[in-house]
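Have the sequence and the model open side by side. We will go from the ligand to a sheet, and then to the pockets.

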Amino acid sequence: MSMLEIRKLSMFFGGLAALHDVNFDVRQGEILALIGPNGAGKTTLFNCVNGFYNPSEGQVLFKGKPITGLKPHKVCNLGIARTFQVVKPLSRMSVFDNVLASAFLRNPTRKGAEDVADEVLHFTGLWDDRDQLSKGLPLGKRKRLEIARALATQPEFLLLDESFAGLNPAELDVSIDIIRGIKQQGITVMIIEHHMKVIMAISDRIVVLNFGQKIAEGTPAEISANRQVVEAYLGEEHGA
Amino acid sequence: MKNNLAPLIVLAVLAALPLLGLNSYVMHILILSIMWTLAGMAWNLLGGYCGQVSFGHAAFFGMGAYSAGLIHLHLGASPWWGFLASLPVVALVALGMGSVVLRLRGPYFVLATLAIGEVLRITCENLTDFTKGTLGIMITRTWVEKTQYYYIILGLAALAFIVCRVIVHSRWGYYFVAIREDQDAAESLGIDTTRYKTIALTVSAMLTGLAGAFYTNYMGYIDPGVVFSLGEISILIIMVVMVGGVATEWGPALGAGIMVILAEYIRSLPLIGVAYQTMFGVLLIVIIIYLPNGLVGDWPVLKRKLLRRGAPA
Ligand SMILES: Nc1ncnc2c1ncn2[C@@H]1O[C@H](COP(=O)(O)OP(=O)(O)OP(=O)(O)O)[C@@H](O)[C@H]1O
Ligand SMILES: [Mg+2]
């Protein structure tokens, strides 16, 4: 079953087509990786899904219902949570309070919200940092806090924007485990990632964007065998 | 809630103060300090916790003051009913204002609040049939002594303290701070930012209106130039919170005490006394530079500095 349907999605900024006629589905329970070179339109696609942008053309359907043009908080209420590529911690709040603020969404009482926050902090390995101010965290943990906060809204669908960028190898492994754990909880994941090793390790399917257009879609094996993709994207990596 | 002891002790001490037989001037200073504490706590909810800086809280203070004045003038009712009358009036205006103005972010919101305070003042000055314009409204004060007024404003401030404390520790409070820290993040985490900013504004406005209604009853006379004043109300409320500590529980009380005493002192000085608003402006700049979190917020920093200076001596 399709959890999310992207239908003829286009987003123009002036003359620039950040997205042009993009179509694909994200199936329930899978991890779908969205890859592509810098400026390909990946973050723009997330912004169109979560309501920060109202797409110029096309539709986004969540569990069969259109969500195009809804405000971000409405989209989150429906069960879609996201993280930010450029992390946006609530700086002068502790790690625990960051997560608690999100947990209130489906748990209006303080006790209920605290229970959810406890669980999420343990799950993401941030429990020992719970009393720290979030602006004092190292980047790796701030990236994880983004995930923790999104999870605390108890979503069915999670959008992860470069949650692995800037992590050291040890942190990468921790985050890979966390994302596998998220999948095991039955949460569908769409993840933007540059790290090919991570992509190949965790994703069920891959969609490739280039200059705002979808140029390929398939399993990790299919994608790494695709010449167009290798040229547009993997080529850079391999060459570098 | 964890710590109820400190507020109870403070309340007990304040409640006992009049028993010392303080003179009428000291009582006046205390009453004003507590009234500004009330207004400061109200502003702090919106400006401190929710991060929406208002330069127009005189609008709500003035509406509260005029609620009391007008029901007396037109209906012959006791101006004490102004407390009740002000609540729906102020709430409605805040809700209306919120739904329009709170869509604006950053400097636009600040400018809009500034405009609203001034617009209300000018309106009030010109609706002479209804408000008596710049002539103002006079009421007969209920008591000659200060004690009764003292206990009334103390009760109101205590109530506001409880309201703020409950809100700050609840879901609303967390949403307010989340909005202050990052509006986009808050929105994407399911928080209806316009709605919760409007809630913060409305509660803040209603509490400020109560301070205004008290002002009418206590002072016995109001006119638009005073109760809708940018300098003497809107800016003073901000100063109270900035000096004491933005987004701190005790900041407004400390700031109010300091500002009231300071205002009295500066005004009593020969020559420069008339320029007290300028002096406040300078003070505000100094505070913003050296104590951006106010006395309560920057207390740890302040303590360290003082200790270091004291050590070698
Ligand atoms: N709000 C905006 N206004 C104007 N142009 C924008 C806006 N947002 C994105 N763009 C442009 O759209 C294009 C796609 O940007 P986007 O951020 O979606 O790329 P991306 O695939 O996420 O890249 P990266 O890997 O660098 O994060 C870029 O050319 C960018 O400059
Ligand atoms: Mg991006």
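A polar contact here is a pair of N or O atoms within 3.5 Å. Keep that cut-off in mind for the ligand. The model is predicted.

Start at ligand 1. Gly41(A) meets the cut-off through its backbone: an N or O atom there lies 2.9 Å from an oxygen atom of ligand 1. Tyr53(A) uses its side chain instead, with a polar atom 3.0 Å from a nitrogen atom of ligand 1. His194(A) also contributes a side-chain N or O atom, 3.1 Å from an oxygen atom of the ligand. On its own, ligand 1 has 640 Å² of accessible area, and the protein covers 64% of this.

Now widen the view to the shell. Ligand 1 is surrounded by 14 residues. Gly39(A), Lys42(A), Thr43(A), Thr44(A) and Gln85(A) are the closest. By class, the shell holds seven polar, five nonpolar and two charged residues. Two elements of chain A, β2 (16-27) and α1 (42-50), each supply at least two of the shell residues. The largest share, three residues, comes from α1(A).

Strand β2(A) leads on to the sheet. Four strands of chain A form an open sheet in the order β2-β1-β4-β5, with antiparallel pairing. β2(A) and β5(A) (65-66) stand at the edges with a single partner strand each, so one side of each has no neighbour in the sheet.

Follow β1(A) next. This strand covers residues 2-13 and pairs with β2(A) in the antiparallel sense over eight bridges. The two strands form a hairpin with two residues between them. Gly14(A) sits in the turn and has a positive phi of about 60 degrees. Along the pair, Leu9(A) stands opposite Val22(A), and Leu4(A) stands opposite Val26(A). β1(A) is also joined to β4(A), residues 57-62, by five bridges, and these two strands run antiparallel. Here Leu4(A) stands opposite Phe62(A). The largest pocket has a volume of about 1100 Å³. Its lining has 42 residues, and those nearest its centre are Tyr49(B), Arg180(B), Val246(B), Ala247(B) and Thr248(B). Both chains take part in the lining. Chain A supplies at least two residues from each of α3 (95-103) and α4 (110-123). Chain B does likewise from several helices, including α2 (24-49), α7 (147-168) and α12 (230-244). The largest share, seven residues, comes from α2(B). The lining divides into 25 nonpolar, nine polar and eight charged residues.

The second largest pocket holds about 660 Å³ of space. It is lined by 26 residues, and Val10(B), Leu14(B), Phe161(B), Trp250(B) and Ala253(B) are the closest to its centre. Which elements give two or more residues to this lining? They are α1 (5-16), α2, α7 and α13 (251-268) of chain B. The largest share here, seven residues, comes from α7(B). By class, this lining has 20 nonpolar, four polar and two charged residues.

Terms used. Residues numbered from 1 in each chain as written. Chains lettered and ligands numbered in written order. Predicted model: local features only at pLDDT ≥ 70, side-chain atom pairs only at ≥ 80, totals over all residues. Heavy atoms only, no water. 1 Å grid on protein atoms, 1.4 Å probe; cavity = no way out; pocket = protein on both sides within 12 Å on 5 of 7 lines; lining within 4 Å. Points joined across faces, edges and corners; volume = space filled by probe spheres on them. Nonpolar A, V, L, I, M, F, W, Y, C, P; charged D, E, K, R; others polar. Near = heavy atom within 4 Å. Polar contact = N/O pair within 3.5 Å; in protein donor to acceptor, adjacent residues only side chain to side chain. Areas by Shrake-Rupley, 256 points an atom, 1.4 Å probe, with all protein chains shown as cover. Pairing = 2+ DSSP bridges.
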